[in-house]
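Good morning, and thank you for coming.

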Amino acid sequence: MLVSLLKRFGVKLSLNDPRWGKNPEGDHKAQEGRRPGEGPPDLDQMWRDFNARLNRLFGNRGNNGGDAGGPYRGEGRGAGITASVIGFIVLLIWLASGAFIVQEGQVGVVTTFGRLSHTTGAGFNWRWPAPIQSHETVNVSQVRTAEVGYRDNVRNKQSAEALMLTDDENIIDIQFAVQYTLKDPVAWVFNNRDQDATVRQVAETAIREVVGRSKMDFVLYEGREKVAADVQMMIQQIVDRYKLGALVTNVTMQNVQPPEQVQSAFDDAVKAGQDRARARNEGEAYANDVIPRARGAAFRLLQDAEAYRSMVVENATGNSARFSQVVTEYAKAPGVTRDRMYLDTMQEIFTTTSKVMVDAKSGSNLLYLPLDKLIAQVAANDAAVGSARSGAVQVPQEQGAAATPSQEVMQTIEQVRQRDARNRDTSRDRESR
């Protein structure tokens, strides 16, 4: 449509046309006035012709008198329309250059002459083209990583960053990674320059401070998780202080070890420490086994001593009380008390000794008494009957003599008791007199 309109006004835009921008009639007249064999016009003449055309186009546009400008009136009008169309197209292209698309998870930051104007979300957006406005897209959903002590691989070690000094004046080799996202894209873009390097330097500063306050064994073994947590908290505090607009999500300890130059010596020291710990544990186990038993034995001895003391004291107390009662009863009836004490004493004696009873009425004057066998037989009889007072003892007599029956032994015991009773009666009679 635009091409047809230009053709209607007699304007040709083909760059391959050798007659583009020329008047055919003027060119024909120039060719007629040129002598045969002459060369092309010189550059000065061409420059003068160009200046004349510009003057006619801009300076003599409003001149209606004279016939000098008549042949160039159509040419000036067509050049003006061409310039307007070209300018309009350039304007459209310039305005279209302000359109931009923001992907999902990104934020567009628009600036006007370098100053923050506004932020845009995901989708199609438009701003004033340069040099009025410009934009920068910031990925806020990407998890960024700052590596300290290595680059891309733990084998690509950066010794200047990895070697650190602990609180006990030991050198340790640490490699770790810091993962973070962006929570404020405006602060990320405007508040600092070279943001990734800033985060790496902040992480290195934080880990050096935390390690410098810790012991080497704590960092190597039981304190790795605590060190990572402390480093993450300190990095976040410094980032917030710098207004960097980053959010630290995780700190991962990749490698924690002594320097390579002293690795073998450190391994030997670790083995020696493990041997010491094992020997100490064995000693503690032995002590835990022996000491409680010794304490139990000592406590048992103390309890036995306390029990023996209580028994002796109670027995002495009981005996003294019994003696006091006996003395009181003895004062009332001395003979009865004396006989009773005698019988109790004899009973106590006979219950704890072996007894051999001999029948004196058998008429034999020679007796053979195997005491050891008699004692063993009495013990066997006592165990069988279950009473210390029961049981009969067979006494061997001369060769061919029969053993004494148990009835005779019982009769003898009854005679002894009767005789003791008569003696007690006689003593009572004497006391009464």
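The secondary structure of this protein consists of 13 helices and 11 strands. Please keep in mind that what you see is a predicted model. The protein has 433 residues, and 21% of them count as buried. Its accessible surface is about 31,100 Å², with 54% of that area belonging to carbon and sulfur atoms.

Let me turn to the surface. A nonpolar patch is formed there by Phe 88, Ile 89, Leu 91, Leu 92, Ile 93, Trp 94, Ile 101, Phe 124, Trp 126 and Trp 128. Together these residues have about 1,100 Å² of accessible area. Which elements each supply at least two residues of the patch? They are helix H4, residues 73-96, and strand E4, residues 123-126. The largest share, 6 residues, comes from H4.

I move on to a pair of helices. Helix H10 covers residues 263-332 and helix H11 covers residues 334-351. Their axes come within 5 Å and cross at roughly 130°. H10 and H11 are therefore oblique to each other. On the H10 side, the contact is made by Val 326, Glu 329, Tyr 330, Ala 331 and Lys 332. On the H11 side, Pro 334, Thr 337, Arg 338 and Met 341 take part.

The peptide bond from Ala 130 to Pro 131 is cis, with omega near 10°. Pro 131 sits in the loop between E4 and strand E5, residues 133-139.

Asp 152 has a positive phi, near 70°. This residue lies in the loop between strand E7, residues 150-151, and strand E8, residues 153-157. Is Asp 152 buried or exposed? With a relative accessible area of 72%, Asp 152 is exposed.

Lys 243 also has a positive phi, in this case near 55°. The loop that holds Lys 243 runs between helix H9, residues 224-242, and strand E11, residues 246-257. Lys 243 is exposed, with a relative accessible area of 58%.

Thank you for your attention.

Conventions
Residues are numbered from 1 along each chain as its sequence is written. This is a predicted model: local features need pLDDT of at least 70, side-chain atom pairs count only at pLDDT 80 or more; totals for chains, interfaces and linings use all residues. Side-chain values use heavy atoms; hydrogens and water are left out. Patches are made of residues with over 30% relative accessible area and no salt bridge: like charges are joined within 9 Å, nonpolar side chains (Val, Leu, Ile, Met, Phe, Trp, Tyr) within 5 Å. Accessible areas come from the Shrake-Rupley method with a 1.4 Å probe; for residues, only the protein chains shown count as cover. A salt bridge is a side-chain nitrogen of Lys or Arg within 4 Å of a carboxyl oxygen of Asp or Glu. Helices (H or I, at least four residues) and strands (E, at least two) are DSSP runs, numbered from the N terminus. Axes are lines fitted to C-alpha atoms, for helices over the stretch in contact, and angles run from 0 to 180 degrees between N-to-C directions. Angles under 35 degrees count as roughly parallel, over 145 as roughly antiparallel, 65 to 115 as roughly perpendicular and the rest as oblique. Contact means heavy atoms within 4.5 Å. Buried means under 20% relative accessible area, exposed over 50%, partly exposed in between (1.4 Å probe, protein chains only).
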